[in-house]
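The sequence and structure are shown first.

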Amino acid sequence: MNRIKTVSLILMLIFSHQVMAQDAKEIVRKADERSQGEKSSYTEMVMTVVRPSYDRKISFKSWTKGKDKSLTLITSPARDKGQTFLKRGNEMWNWNPVISRMIKLPASMMSQGWMGSDFTNDDIMNESSIVVDYSHKVVGEEIIEGFECYKIELIPNAEAEVVWGKIHMWISKNDFLMLKNQYFDEDGYLIRTENGYDVREMDGRLLPSRFELIPEEEDGQKTIVEIITIKFNDEYDDRFFSQQNMKRIK
Amino acid sequence: MIFQIAWKNIWRSRIRSLVVIVAVALGMFGGIYTVAVMLGMADQRVQMALGNELGHLQIYQPGYRDNNDILHFFNDADSMINRIETIENVAHVTHRVRVQAMANSAGYTSGVILSGINPEKEVQVFNLKDKICVDGGEFLTNDNTRGVLIGRKLAENLRLVYYEFSESALSNLEELNFSDEIISIFKTKKDEVFRSEKELKEFLMTIMDEEKANTAIYKVENATIKFKLRNKIRFQFQDARGDLSGGMYRVAGVYQTGNNMYDASNAFVLDDVLVKQASLPERAAHEIIIRLKDSDLIDETKAQISDIYSDTETKTWIEMEPMLKTMNDMMWVFSLFFIAIILFALSFGIINTMLMAILERTREIGMLMAVGMSRKRIFNMIMTETIMLTATGAVAGMILGSIVIAATASNGIDLSAMYGDGLAEMGFSAVLTPVIGAREYLMIVALVLATGILASIYPARKALKLNPVAALRAE
């Protein structure tokens, strides 16, 4: 009798733990799908790069299809206007009309800030997956921006190409919105925070319309991205995401 | 005969001669010592470069040096190494696979040259193994397939270090000349972690003024630094097919060569691991590095290798870093100028002394002439006197110089407290060891003799112009 009790208790523990883990992974997967799972999208955005001595505003339009094709066109300031970026798979090209040059971004540029912001080209390439490369655990529930959120801890798998020690994500319970991400190094120090604000309905979907990225160890630095308009699931031909189109697009 | 008279004449006015001798001796000592420090500095830089960075000879595919293109590699480095090892003057050979990579830690990035090495052969050619920092982990071993060896500056740039006033750090700081008051403040910060140099400096600025903090930071940093061994670094690079590739590594060890530029931009992993990640053939290498038995025969050995591998580029360290050689030569030219200026100034003192001596001895010289001593002999006598005076001072100065050089060379002159960081930034060691070679010594001796001769001409001519009759009458 006692033995059966113990065994069932152990089984229950294992089982419940698995359910929890499964849940957490599921939540992250849904949130991931929600943020980039659409068939295609067209977005107009304004990015503000905040530095201790200056602010810089960059406007751009961006087209995406699936997860691995995107085309981005800078529309202001005048100095950068007309520059385009094409991402296909894990390769990225940059067309600069001022010098009429097409360059494939080399590995050495992947970790640099995109257009001088705190977003690295690597963030944009988004090679590692928050679903596959981490193990997930719900560690709490908190209210962020008026939404009830799960707080989920992501620990990178041993073989994952991830330098973070862990990530904390706050994902809303009802709509699976990613409202806050915190990135820690292996010693548990907070290195970077991403916040989503101003959740509103855009093209029929509820989304945060303003994001900010704060590198925690650099005083007075952050990058804010505001979505002006967004449209989902228009049809784009694969040829739209081509080097020819990079030079043409307006 | 003339020598004895000249020598005796010098000591007739003992104080005056001694003053000149001491002046020459001190001048020589200053000159020689400065030269030794300058040459020592240049020599250390060369030794450092040879031992840690370059090796005596390097072999590349033609064109590799122009843009470090990953595709310019040797297919079978092993057989080349075996062949080169049979050349007589070759002591050791190793190879490196090199890619230009981006190193990422959590939130920080830095561009580096990632080299794949064979640890056993590497340590025979380079002495990087001896440059591992205190508590800085260990050199790469063959079973550490995911280990990476990084420079201390790179570790700092990637924030893979922290600073902590631990027990051992405090005892180190106590040995340096910090006041008790400051040490006690340090003690209150015990076991508090400073995440960056900036944080540490901000703390120092709160307890001392800016100028002091600027000089103290280097010492405090060195005493309190801790390395985050086993932390992850991700390297990204373009592989041989042109695709984005890379891998995760963990910090195995941290080295410090004393050349910050090198330390900030060089990371080492095992060659067979890197070769796979870079999609290169199994035995590929970009450079083959050779250490020689006798470095004087470098050109001969280079020619031998060029004969065997005529379609490669074989470079000596001088060809690779002509700056180093130029710097060495420049240091020597500067030194010669410096000594020449000292001697030029001294020569006026010598001329003055000799003129006084002649003025004093007008009657005597007149007498010597009157009893039939030839003008040539008078000229020789004055000249010998001057040269002896100069040479005595010079010899004394050189002996003093040699003694002080020997005394300071064993321990070196430690400038690390004042200029360590700045010197390391330029690639120089912070502990200077003065050295001076026989060739340099002989050159200096020749210069001194030349000065003596030149300085003697004017007084000796003056003596020649004396009219014996008038001189005899002079009071």
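In this predicted model, 43% of the contacts in chain A between residues at least 6 apart in sequence join residues at least 24 apart. The secondary structure of chain A amounts to four helices and 13 strands. Of the 250 residues of this chain, 26% count as buried.

**Tyr189 of chain A**

Tyr189(A) lies in the loop between strand E10 (178-184) and strand E11 (190-202) of chain A. Leaving aside residues up to four places away in sequence, Tyr189(A) touches Phe184(A) and Arg195(B). The C-alpha atom of Tyr189(A) is separated by 34 Å from that of Thr64(A), and these two residues are 125 residues apart along the chain.

**The interface between the chains**

At the interface, 17 residues of chain A are in contact with 20 residues of chain B. On the side of chain B that touches chain A, at least two residues each come from E2, strand E3 (108-117), strand E9 (232-238) and strand E10 (244-255) of chain B. By residue class, this side of chain B comprises six nonpolar, ten polar and four charged residues.

**Strand pairing in chain B**

Strand E12 (residues 287-292) of chain B is mostly covered, with five of its six residues buried. E12(B) pairs with strand E1 and strand E2 of chain B, as set out in the table.

| Strand paired with E12(B) | Sense | Bridges | A bridge pair |
|---|---|---|---|
| E1(B), residues 57-60 | antiparallel | three | Gln58(B) with Ile289(B) |
| E2(B), residues 90-105 | antiparallel | six | His92(B) with Arg291(B) |

**Helix packing in chain B**

How do the axes of helix H2 (residues 14-54) and helix H15 (residues 322-360) of chain B cross? The two axes come within 10 Å and cross at roughly 175 degrees. Angles over 145 degrees count as roughly antiparallel, and H2(B) and H15(B) are therefore roughly antiparallel to each other. The residues of the contact of H2(B) with H15(B) divide into 19 nonpolar, eight polar and two charged.

How values were computed: Residues are numbered from 1 along each chain as its sequence is written. Chains are lettered from A and ligands numbered from 1 in the order in which they are written. This is a predicted model: local features need pLDDT of at least 70, side-chain atom pairs count only at pLDDT 80 or more; totals for chains, interfaces and linings use all residues. A residue is buried if 20 or more other C-beta atoms lie within 10 Å of its own, exposed if 12 or fewer, and partly exposed in between; C-beta atoms are placed from the backbone. Two strands pair if DSSP finds at least two bridges between them. Axes are lines fitted to C-alpha atoms, for helices over the stretch in contact, and angles run from 0 to 180 degrees between N-to-C directions. Angles under 35 degrees count as roughly parallel, over 145 as roughly antiparallel, 65 to 115 as roughly perpendicular and the rest as oblique. Ala, Val, Leu, Ile, Met, Phe, Trp, Tyr, Cys and Pro count as nonpolar, Asp, Glu, Lys and Arg as charged, and the others, Gly among them, as polar. Two residues are in contact if their C-beta atoms, placed from the backbone, lie within 7 Å.
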